[in-house]
Amino acid sequence: MLKTIKNQHKLLLSLLFSTMIFLSRIWYIRECNVLAIRNDEYGYWNHAALFSGHDWSDVFAGHMHWYSYGYSLILTPLFWFSHNLHLMYKTAVILNGFFAVLTFFLCIQCAKMLFPKTEHWLLLTASFMVCMYSSYITQGAIAWSETFLYLLVWLLFYLFLCFEQHPCAAYACYTSLCMGACYITHNRTIGIAAAYILIVLFLRLTDAIDWKLFAAMLLPLLLILFVNIDIKAYLCTVEGFGLKPKNGMGAQVSHLLSLLTLQGWQNLIRSLSGQMWALMASTFGLLFFGFVRCAARTVRAFRAKKPEKHTVFYLFALLSCLGTFSVSAISLIDPASITNLDSDTDLTYFIYTRYNECIIGILLLLGIFELAQCKSIRKLLLLTLGETCFYAAVSTVLYFNLQRITDTWHYRSFCAAGIGFYRLFSEEFSLKWCIVISAAGAFLLLLLLTVCRTRFYRLRLAAACILLAAAFFPTGLYSSQIGTIHSQLGKVSSGNLAMFDLLKDVGGGRDVYCTLDDTKNYRIAYELQVNLIDTHVYSITMEDLPENQTKNQPASHFAQEGYFICCSNGDLDKFEGDDYYLLTQSRYYAAIIKGDSLMQELAANQDLELINLNDLT
């Protein structure tokens, strides 16, 4: 038995880590039934519905903005096999688990290329730590593009390393296509795409690649970018979003123009400082060491005027990080949220790290080995001092801005899940606890990896990785629970799902008109549509219901004599007429039957107690 374990320890360790990574993504799958987070999820499922032949434009067009369609291509096959949203959603979460396992193996392959002299079991342990990062776990419980995007970015790094080792047209094309896939999955990778194009131009200008490889590395990406423009225009038109500024680069014009002012630069510094602070805290300083490794290897090669092994990769990683951080900071310098600080300011704008986390994995991998392989005490002291000064600077910027905000509960945890450990000690956001815990973790890492460096080096490196994974795991699950699962359970407890199920059972393909209540809570229309996949749902106001429309409106606006209405419970007394019947209610909403014939049909075929609205007290 022991001999078998010893001979197969690599395989057994891979299976153990893969299982833990997979289970961490589907941990809450029994409680995960509904889309309950942000509009992002609805946007991806909307595209998938269109690709599978469903028209949801009457719900989403009026309120939602553009979302990329790359992840929607993954969701589309789910519509071919089932129209049960609960089953489809759970399947999407299980796919996240498989994506995470594939990411793990890609991380291992990248680690092998970057650190070929390191023992395989250490590379496995370090890669396991990277894939257990808190935010990665949190995003795995949600059916949106994050986990798939992380996989694509790691595939891009792997292909880039393959091309670096074996420059050929095949790897060049694969890398270019993967970069295009990253961009159509989420436009936030524009920073990585810009870095990729700069690297390709740099390689050609320095004669590192010939014109054939230059074309192979660039043309597939450019073709995808140009075709994407037409696909986006088509989807915006068909789905009714329209080519509005919010759906394109025009949304960022005001942010870019604000950089021409002093206030704009102040906002940029606030946004960038907050994000760097949150990422430094959540990674216990490894972000800094990963960034230092990329910068140091690049600078050293330029000084020597001779490229070292993987110099181009480090330069690509460095530029990708800088581009991603910059794009993220610029997109979040909303003047209304950062300039005019008051008691109701959303803290997320200061510590929003989700846009950066597609690039964090490589910094975690490089950072742990940079720290572990730092042999010079002088260099280690200088790096530690630099890390401390940088963290202190961004902490100071964040502290003096947050001092102006009183209700520090207003924070979306799934957007900065990495620092979710503070909630273990405080219900409100606590800058102090974040700094104390992250500093303690960083100090423990330094002790493990730097003291008595010649003894038990491999065991201490493995222990450091396991320690980090152990810290990431509960933090990620807790952030997932408070940021996503509680929201989903709230929808179950509100009774909305039972109302949707009944409408699905009795609907028979008839239209459902979802009216907006006084708070303009149009998300109920989103929920209706994704639960009633084959039903045509309209998002409409009370005044625009078919019976209230004028003769001048198009005939397509008129519904058949019988249809369903979903409205706020507070609007029940606004219906005039004798042919409105209460079908069912949730805590906040009601489903109504319009039409005597439809009521009689349902009463005859279903065991339902239907109440005329005029009989309600």
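Tutor: Quick ground rule before we zoom in: helices (H or I, at least four residues) and strands (E, at least two) are DSSP runs, numbered from the N terminus. This is a predicted model, where local features need pLDDT of at least 70 and side-chain atom pairs count only at pLDDT 80 or more, while totals for chains, interfaces and linings use all residues. Residues are numbered from 1 along each chain as its sequence is written, and side-chain values use heavy atoms, with hydrogens and water left out.

Let's start with D579, which sits in the loop between β3 (563-568) and β4 (580-585). Its relative accessibility is 15%, so D579 counts as buried (buried means under 20% relative accessible area, exposed over 50%, partly exposed in between, using a 1.4 Å probe and protein chains only). The D579 side chain makes a polar contact with the side chain of K594, at 2.8 Å. For that term, think of a pair of N or O atoms within 3.5 Å; within protein, one must be able to donate a hydrogen and the other to accept it, and residues adjacent in sequence count only if both atoms are side-chain atoms.

K594 also lies over the face of Y580, 5.4 Å from the ring centre. A charge sits over a ring if NZ of Lys or CZ of Arg is within 6 Å of the ring centre and within 35 degrees of the ring normal. R204 does likewise with W211, at 4.5 Å from the ring centre.

Now for rings against rings. Rings of Phe, Tyr and Trp (its six-membered ring) pair if their centres lie within 6.5 Å; planes under 30 degrees apart count as stacked, over 60 as edge-to-face and the rest as tilted. Searching the whole structure turns up 40 aromatic pairs. One of them is F17 with F104, edge-to-face at 6.4 Å centre to centre and 90° between the planes. That pair links distant parts of the chain: F17 is in helix α2 (residues 9-25) and F104 in helix α6 (residues 85-114), 87 residues apart. F17 counts as buried, at 5% relative accessibility, and F104 is buried at 0%.

Then there's Y42 with Y526, a tilted pair at 5.1 Å centre to centre, with 55° between the planes. This one also links distant parts of the chain, from Y42 in helix α3 (residues 39-51) to Y526 in helix α24 (residues 523-531), 484 residues apart. Y42 is buried at 0% relative accessibility, and Y526 is buried at 0% too. Ring pairs tie Y42 and Y526 into a cluster with W45, W56, F60, F79 and Y89.
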